[in-house]
Amino acid sequence: MRQKTNLNYSIVLGLFMVAVLWSCSLKRNQAPTTANSILSVNDLGMKYCEAIIKTDLRNLQPYMMSPIQARKVAPEQTKNISDDSISNVIISPMKAQFILNLSGLRMHLTKNGMEVSKLKVASMQAQKISTSNEGYYVLTIVATDGRRESSIPLTFIKGDSQPFIIEMASSRPHVRARKE
């Protein structure tokens, strides 16, 4: 019985990660959606920029996936699994990977001449990802330190009342001189 349960968790985790990776790799060809048209996306972008500066997820906790959102994303795969198991098998590894990617992003920005401690949000744009799954978006945050800027993408799901982070779409975004 324990072996079957572990197999189910592995299958759910695998399916969930495949869905996330697949949704992030799809061509984004729909018209942009303004950040103001999606509840709390502006706040998510600001909190994400703060998290990059501090490498701290505390301000992003309200936007992290919970078992409830995991059930909405993958209802069939999670229907016979407890909330604790979803948290331990799916959500905790996602958060751990997100922290690693956040650290890698900071190193990449620093290596490319940006002063991460001075990052500010210059602009944001949310764009729906064209998939069969409704509600998947990429939030592109243009962050600047005053001299250089970078477009930093974040994948999220539009929830009923707020967005929920799926993953950092890239931990190695292009850094360029800021346009005046």
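How do helix 2 and helix 5 lie to each other, roughly parallel or roughly perpendicular? These views come from a predicted model, where local features need pLDDT of at least 70, side-chain atom pairs count only at pLDDT 80 or more, and totals for chains, interfaces and linings use all residues. Residues are numbered from 1 along each chain as its sequence is written, and side-chain values use heavy atoms, without hydrogens and water.

**View 1. Helix 2 meets helix 5.** Their axes come within 9 Å and cross at roughly 75 degrees. Axes are lines fitted to C-alpha atoms, for helices over the stretch in contact, with angles from 0 to 180 degrees between N-to-C directions. The two helices are therefore roughly perpendicular (65 to 115 degrees). Helix 2 makes the contact (heavy atoms within 4.5 Å) through residues including Tyr-48 and Ile-52. Among the partners on helix 5 are Phe-98 and Leu-109.

**View 2. Helix 5 bends.** Helices are DSSP runs (H or I, at least four residues), numbered from the N terminus. Helix 5 bends by about 35 degrees at Ile-91. The bend is the angle between axes fitted to the seven residues ending there and the seven starting there. Pro-93 follows within four residues.

**View 3. The largest nonpolar core.** Such a core is a set of buried Ala, Val, Leu, Ile, Met, Phe, Trp, Tyr and Cys residues joined through side-chain atoms within 4.5 Å; buried means under 20% relative accessible area (1.4 Å probe, protein chains only). This core has 29 residues, and Leu-60 is one of those touching the most other members.

Technical notes. Buried < 20%, exposed > 50% of the residue type's maximum accessible area, 1.4 Å probe, protein only. Parallel < 35°, antiparallel > 145°, perpendicular 65-115°, else oblique.
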